[in-house]
Amino acid sequence: MPDKNKTGKYKIDTELGIAGHDLKNNHGALNPPVYHASTFAFPTVEELDAANLKKFDTFSYGLYGTPTSYALEDGLRKLENANHAIIVGSGLGSIAVTLAGLLKSGDHLLVSESAYHPTIKFCKNFLNKFGVETTYYDPMIGSNIKKIMRPETKVVFTEAPGSITFEVQDIPAIAKVAHDAGALVVMDNTWSAGYYYKPFDFGVDVSVQAITKYIGGHSDLFMGSITMRERALYDKIKLAASSFGHSPQPDDCYLALRGLRTLAARIKQHGETGLALAKWLAARPEIEAVIHPAFENCPGHEIWKRDFSGSCGLFGVVLKDSYSETDRNRMMAGLKLFPIGYSWGGYESLVVHDNPYQSRKTYNFPYKGPYMRIHAGLEDPDDLIKDLEHGLGLL
Ligand SMILES: Cc1ncc(COP(=O)(O)O)c(C=O)c1O
């Protein structure tokens, strides 16, 4: 097993500090400058034509990349120990572009039912229209996925831990079955931010991430990352990204690269505070369950211990079923340090409600009470706990 914290020449925290540096060509400027370039100009027709032939590897038109996006891609490759990286307009964009690039009419797709819900909606509302059939599966299926593979299954989509319900999938077991059957494995690796899970060591072929979350880290940008080891997969998915018109935005690339510089320090703090809040909540009489991959009650906890090297600040909380959703909503509205809102991975704490009972068809969410998801931000954990205590008092 390779050292999970090592990639490239140095350990990952060091690599993230120097990714994209090009002091020689940038007059010594440490931070790669921002190129606002749609057009790259050439002295001759022949030189433009030559650049266009290699458009995924050089500069020909800003849609395909600029020195600014290349600098960010360097960091994304190092983060996940990949050979290639593609930047698109959002995390959801990275999922849609990857599936559109890898699948064609007549293909069959397997998607974990614990996947980020808009991923499932993309399959239902769009891939469906283009003749790709999707089957949803229990995230804890492991090697039993063999039973639902078909000859035309081309991609198995995984996400670990799952959105909202946090099941940790056995990706190596799934990958073995998928690869034996000639299918590819795609993973949404956003929860670990690529920092605590190295997808290509576990059989993943293509990793997608919402840069919007921990890499951006400040709740001020939308961006998605797609990484892989195989050049052929890069070519297919890059073609899809550029065909759909995903051009990396230079200022956002700059912000995302700046986010990468501090990712290691931030995610460690998010993880530590998240665990402190989760442990405190788990001991409270109002709480039915805290669902956190580092806790034994989380489905796949043993897999998390085996394959992940840490946790971020995102976890689920179920109130006792004697409380109603109205009680939960009153509690959430009473919190001062946890604004109610979508997304996570920014510097701030957040809370959001959900209803994991409605949507699951292939397995049951084993609790009954009202659910909320908490993101632990970078505020002082003592203040956050006091705020949660105040909120629970409003139930
Ligand atoms: C696990 C996961 N993947 C993907 C996304 C999509 O990211 P974006 O909001 O950038 O489209 C999200 C957003 O919440 C997410 O939670």
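Quick definition before anything else: when I say helix or strand, I mean a DSSP run, H or I over at least four residues for helices and E over at least two for strands, numbered from the N terminus. By that count the protein has 12 helices and 11 strands. Its radius of gyration is 21 Å, close to the 21 Å that the globule rule gives for 395 residues, so the protein is as compact as a globular protein of that length. For that, the radius is taken over C-alpha atoms, and the globule rule is 2.2 Å times the number of residues to the power 0.38.

Some housekeeping. This is a predicted model, so keep in mind that local features need pLDDT of at least 70 and side-chain atom pairs count only at pLDDT 80 or more, while totals for chains, interfaces and linings use all residues. Residue numbers start from 1 along each chain as its sequence is written.

Along the principal axes, the C-alpha trace spans about 75 × 50 × 40 Å. Of the 395 residues, 51% count as buried. Buried here is 20 or more other C-beta atoms within 10 Å of the residue's own, exposed is 12 or fewer, partly exposed is in between, and the C-beta atoms are placed from the backbone. A contact is two such backbone-placed C-beta atoms within 7 Å. Among contacts between residues at least 6 apart in sequence, 74% join residues at least 24 apart.

Now the sheets. Two strands pair if DSSP finds at least two bridges between them. Angles, by the way, run from 0 to 180 degrees between N-to-C directions, with axes as lines fitted to C-alpha atoms, for helices over the stretch in contact.

Inside that sheet, β2 (residues 108-112) runs parallel to β4, joined by 4 bridges. H108, for instance, has T153 in β4 as its bridge partner.

Let me stop on M228, which sits in β7 (residues 224-228). Is M228 buried or exposed? Buried, because M228 has 28 other C-beta atoms within 10 Å. Beyond neighbours within four places in sequence, M228 contacts A82, H84, D205, V206, L233 and Y234. M228 and A85 are 143 residues apart in sequence, yet 6.7 Å apart in space, C-alpha to C-alpha.

On to the other open sheet: 4 strands, β8-β9-β11-β10, with antiparallel pairing. Neighbouring strands are turned by 25° against each other on average, direction ignored. Strands β9 (residues 314-319) and β11 (residues 371-375) are joined by 5 bridges, and V317 stands opposite M372 in β11. Two helices to point out: α8 (residues 250-282) lies across β8, β9 and β11 at about 155° to β8. Then α10 (residues 325-334) packs on the sheet too, touching β9, β10 and β11, and makes about 165° with β10.

The peptide bond from A160 to P161 is cis, with omega near -15°, and P161 is in the loop between β4 (153-159) and α6 (171-180). F166, in that loop between β4 and α6, has a positive phi of about 65° although it is not a glycine. F166 counts as buried because it has 27 C-beta neighbours inside 10 Å. H27 also has a positive phi, about 55°, without being a glycine. But H27 has 7 C-beta neighbours inside 10 Å, so it counts as exposed.

Last stop, the ligand. Which residues surround the ligand? They are S90, G91, L92, Y116, S163, D188, T190, A210, T212, F222, G224 and S343, where near means a backbone-placed C-beta atom within 6 Å. That shell divides into 4 nonpolar, 7 polar and 1 charged. Nonpolar is Ala, Val, Leu, Ile, Met, Phe, Trp, Tyr, Cys and Pro, charged is Asp, Glu, Lys and Arg, and the others, Gly among them, are polar.

That's my tour, thanks.
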